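Please keep the structure open while you read.

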Amino acid sequence: MPPWLGWLVVNFVLCLICFIAYSSQIFIIWPWYGRVLSVELIYLLLPFNLFVAMLLWNYFLCVTTDPGRVPDSWRPDTHSDGYEVKKLTGSPRYCRMCDKYKPPRTHHCRTCNRCVLRMDHHCPWINNCVGHYNYGYFLRFLFYVDVACSYHLAMLMRRVFESWDARYWDEPSSVELVFMILNFVACVPVLLAVGAFSLYHLYCLLGNSTTVEGWEKDKVATMVRRGKLREVKFPYNLGWRRNVESVLGKNPLLWCWPNPAPGNGLKFELAGGDDGAVWPPRDPTMVHREGTDKEFVLPSSPWTYENGSLNPDLEPSNSGRQSEARRRTKRPTTGVSALPPYHPDYQEGAELALDTSSEISSGEDDYAPRSFVRAGSEGYEVRPVDREELLRRYLEEIGEETGRYHRYIPTPDSESESEDDITLAEAMAKRQ
């Protein structure tokens, strides 16, 4: 997204908030109370304006607060910290685009083009990433949107209910009616969309997970369901109270107040004090077979595998083995000449190098037959079946007798063969 488009979206959100918040007060509530300032009007509008002020304040902090950057000097402590690793090699995660190591729960944002601490997602409505330092502001912003929209709809519904039984001089004017319809059209979709989003993030907050970690948990659950992995506990789930405190602070009275995020986003407390926890868990089918008992040493270059050795799981694919076999396409054969006997360069006893690339590339001579596995079948073996077996099964399914049908090979008639040998005079004589 270009920068100007992001700021255009931010201004659109601000205009929408201001339209819903102030058009209802100016063109609906104020005429309803006779355009006279009263204590009852203050009691009605003061809480609503406080909710709108908190909404705008938290939205401003979401847009302007940096979600968190990885320090240039940061290095993972593989001996004491609970660190996240690559699924294949088991080494600390490294961002090739930022040329930095990744702290726990850090991910690279392609829109911002940098790594974000405790990244949740990139939100186009705030033109910023939601990360460690502004995730609390983002949750409070969603909360105040829900509260303010609910209060706004309650005021509108009260005005609508009173207009039904109102006298002639208390009926809403045409301007009030138009703005009532516009406020309903603008506020109801916002409340439904933001309300559903708020429920999801409330679920993530109680489980101390982010949107990205929610995807990782789904992948782990799939591996557990398929029997590839045992049940794994999410290491950052500390209980709902401590989960909320890790984002909104330890004082419950200030959870709705825009406070800075606790911690530095580089290290997080783990459940049960397990400092050696690894998340996300590695797929057992991708873990290398050798060298698992060796102690990991952080390499000087992120491109080095393990302790400088080669990856034992790097094997040529089927296409690679075929290309290697095609290089051996000539095989000497004795007793056969490449030239016919009448050729001037023909020499008796010469050898011909036969091209056997088709035989080698087919893999029948070099490789044993393999059993194929359908993708996503969880190990279901597809047995090869020949044509005769398929024909037999088909005949049994339709109720026909097996072995009843034979291939018909036509043979030429003896008369037609003899007619080719007789002369034209003998054929004319037979016709007469």
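1. Let me begin with a loop. N113 sits between strands β3 (107-109) and β4 (114-116). Please bear in mind that this is a predicted model. The phi angle of N113 is near 60°, a positive value in a residue that is not glycine. Is N113 buried or exposed? N113 counts as exposed because its relative accessibility is 56%, and the cut-off for that class is over 50%.

2. Another asparagine is worth a look. N208 belongs to the loop that links α4 to α5 (211-225), and its phi is positive too, about 55°, although N208 is not a glycine. Here the relative accessibility is 4%, so N208 counts as buried; the limit for that class is under 20%.

3. A record points to one cysteine. In UniProt, an unreviewed entry places the feature "active site" at C123; such annotations may be inferred rather than shown by experiment. In the model, C123 is part of strand β5 (residues 121-123). With a relative accessible area of 6%, C123 is buried. Which residues does C123 touch, once those up to four places away in sequence are set aside? They are N128, V130 and F138.

4. Now for the overall picture. The protein chain holds 11 helices and 10 strands, and 35% of its 432 residues are buried. If you take contacts between residues at least 6 apart in sequence, 65% of them join residues at least 24 apart. The chain exposes about 28,600 Å², with carbon and sulfur atoms supplying 57% of that area.

5. On to the interior. In soluble globular proteins, nonpolar side chains tend to be buried together. The largest nonpolar core in this model has 33 residues, and the members that touch the most others are L55, Y59, I126, F141 and L248. Two or more residues come from each of α1 (3-32), α2 (39-64), α3 (135-164), α4 (174-207) and α6 (240-248). The largest share, 11 residues, is provided by α3.

6. Leaving out neighbours within four places in sequence, I126 is in contact with V10, Y59, C62 and V63. There is also a second, separate core of 15 residues, with I29, W32, Y33 and L45 among them.

7. Helix α6 is a handy one to inspect. Its buried residues are N243, V244, E245, V247 and L248. What covers them? The cover includes α3 and α4. Just after α6 comes G249, with a positive phi of about 105°.

8. W30, L37, V39, I42, Y43, L46 and L50 make a nonpolar patch of about 750 Å². Helix α2 gives the largest share of this patch, 5 residues. One patch member, I42, is found in helix α2. I42 counts as partly exposed because its relative accessibility is 39%, a value that falls between the limits of under 20% for buried and over 50% for exposed.

Note on methods:
Residues numbered from 1 in each chain as written. Predicted model: local features only at pLDDT ≥ 70, side-chain atom pairs only at ≥ 80, totals over all residues. Heavy atoms only, no water. Helix = DSSP H or I, 4+ residues; strand = E, 2+ residues; numbered from the N terminus. Buried < 20%, exposed > 50% of the residue type's maximum accessible area, 1.4 Å probe, protein only. Contact = heavy atoms within 4.5 Å. Areas by Shrake-Rupley, 256 points an atom, 1.4 Å probe, with all protein chains shown as cover. Core = buried A, V, L, I, M, F, W, Y, C linked by side-chain atoms within 4.5 Å. Patch = residues over 30% accessible without salt bridge, like charges linked within 9 Å, V, L, I, M, F, W, Y side chains within 5 Å. Salt bridge = Lys/Arg side-chain N within 4 Å of Asp/Glu carboxyl O.
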